[in-house]
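Colleague: I'm new to this one. Can you walk me through it?

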Amino acid sequence: MEIPKWPVSSERELELLRQVLESPQWGGYHDFVARFESEFAAFQHCLYGVAAVNGTVTLEMALAAAGIGPGDEVIVPAISFISTATAVSRVGATPVFVDIEPWSFNMDPERAAVAITLRTRAVIVVHFGGPMADMDRLVRLAEERGLVLIEDAAHAHGSEWRGRRAGSLGLAGSFSFQNSKVMTAGEGGLLITRDADFAARVRSIGDQGRRAGGGWFHHYILGTNYRMTAWQAAVLIAGLERLPEQICLRARNARLLLAELAGVAGIHWQEVPAAANANSWYLVLGRIDARRLGVTRDEFCRRLAEEGVPATPFYPHPLYGNPLYQEGGCRVEPCPVAEASIGDAFWLPHRVLMGSEEQTAEIGAALRRACRL
Ligand SMILES: Cc1ncc(COP(=O)(O)O)c(C=O)c1O
């Protein structure tokens, strides 16, 4: 079976990359970097963008620019990629792992509320797989308890909550352009915010502590070099031009695929609340009820792999199960849903949604076959 390839590119990338090649500036000070920052920030309904080498350091910069450090606690979901937690540890603060909701895969706002202590300074919410977390409740919680809200929107380019795009509801939104993401330059990251001072602090951290208008050899704070290159920006400008169309394609194919599987009892697909009115469709997520399906999650994924359909049997453990956090350095709230999901969840990558209707129907048929006893 032919599964659509990812990443994709066209003559447009070559044209923009050639412009960089022929310019005297290949680094972060090329116009393309500033152009991508403002175009992407505007696309996500935000004012300022700061580009960086990846979507891990954008989280670290957001925390550092918010003044979070040793002695502080930051609430994070137990299910995410490791960066959501290590960004907290790397600024010297303590990640506090809380449970996800059973079917949305996103942080449970009630569990977050219960985890707050006098040391809590921030919450990092992840829009897992694309659909946004319950931002009505999380924004309210952060406001009522005086916490900084950071959105890890690494999966959520173009996703919306009540018409507002990911990353524009908290103090900052962090995006990744790593190879598997719905927009990619192989690596890359970008932080968006509506706060001009915060944006300036973030930029200074990632640009050797410089200040706008302050001179090349004038360093005002302890910074480092996290600047995105012009090569990355060139590829990402082209990628952003294509993104809206790709999101529509994935939404159409997701509808077709899920309709094809509608009669199958035993797979519970990720639930998306009506308020999450647009979805990047970074992942197609589900949980297997092996008793009802008659097939275990691992067997289901193995059968799909045999058919050439890439399926990942979820993470091997909640974030706190990593050896890194076995020795401490974190606080763990009860996470029964996260722990259960380790045994029964799976995901398909977004490229399964990027083919024709016929290809999608074939993938749907393979999924049905994988469910057969
Ligand atoms: C939820 C989440 N946050 C952060 C990152 C880190 O991004 P990067 O790989 O660009 O450092 C990733 C993925 O790679 C991710 O999935």
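**A buried tryptophan, and the rest**

Modeller: Trp-281 counts as buried because its relative accessibility is 16%, and buried means under 20% relative accessible area, with exposed over 50% and partly exposed in between (1.4 Å probe, protein chains only).

Colleague: Where is Trp-281 in the chain?

Modeller: Trp-281 sits in the loop between strand S10 (267-269) and S11. Helices (H or I, at least four residues) and strands (E, at least two) are DSSP runs, numbered from the N terminus. Trp-281 also has a positive phi of about 55°, although it is not a glycine.

Colleague: What should I know about the model itself?

Modeller: This is a predicted model: local features need pLDDT of at least 70, side-chain atom pairs count only at pLDDT 80 or more, and totals for chains, interfaces and linings use all residues. Residues are numbered from 1 along each chain as its sequence is written, and side-chain values use heavy atoms, with hydrogens and water left out.

Colleague: Back to phi. What is the phi of His-45?

Modeller: Near 65°, a positive value in a residue other than glycine. His-45 lies in the loop between helix H2 (31-43) and strand S1 (48-52).

Colleague: Is His-45 buried or partly exposed?

Modeller: Partly exposed, because its relative accessibility is 37%.

Colleague: Changing topic. How many helices and strands does the chain have?

Modeller: The chain has 13 helices and 13 strands. Buried residues make up 56% of its 373 residues.

Colleague: Which residues of helix H12 are buried?

Modeller: In H12 (residues 336-344) they are Val-337, Ala-338, Ser-341, Ile-342 and Asp-344.

Colleague: And what do the buried residues of H12 pack against?

Modeller: Strand S11 (283-288), helix H10 (297-306) and strand S13 (345-349). Contact means heavy atoms within 4.5 Å.

Colleague: What about Asn-106, buried or exposed?

Modeller: Buried, because its relative accessibility is 2%. Asn-106 lies in the loop between strand S3 (94-98) and helix H5 (109-114).

Colleague: Last one. Which residues does the cis peptide bond join?

Modeller: Trp-6 and Pro-7, with omega about 0°. Pro-7 lies in the segment before helix H1 (11-21).
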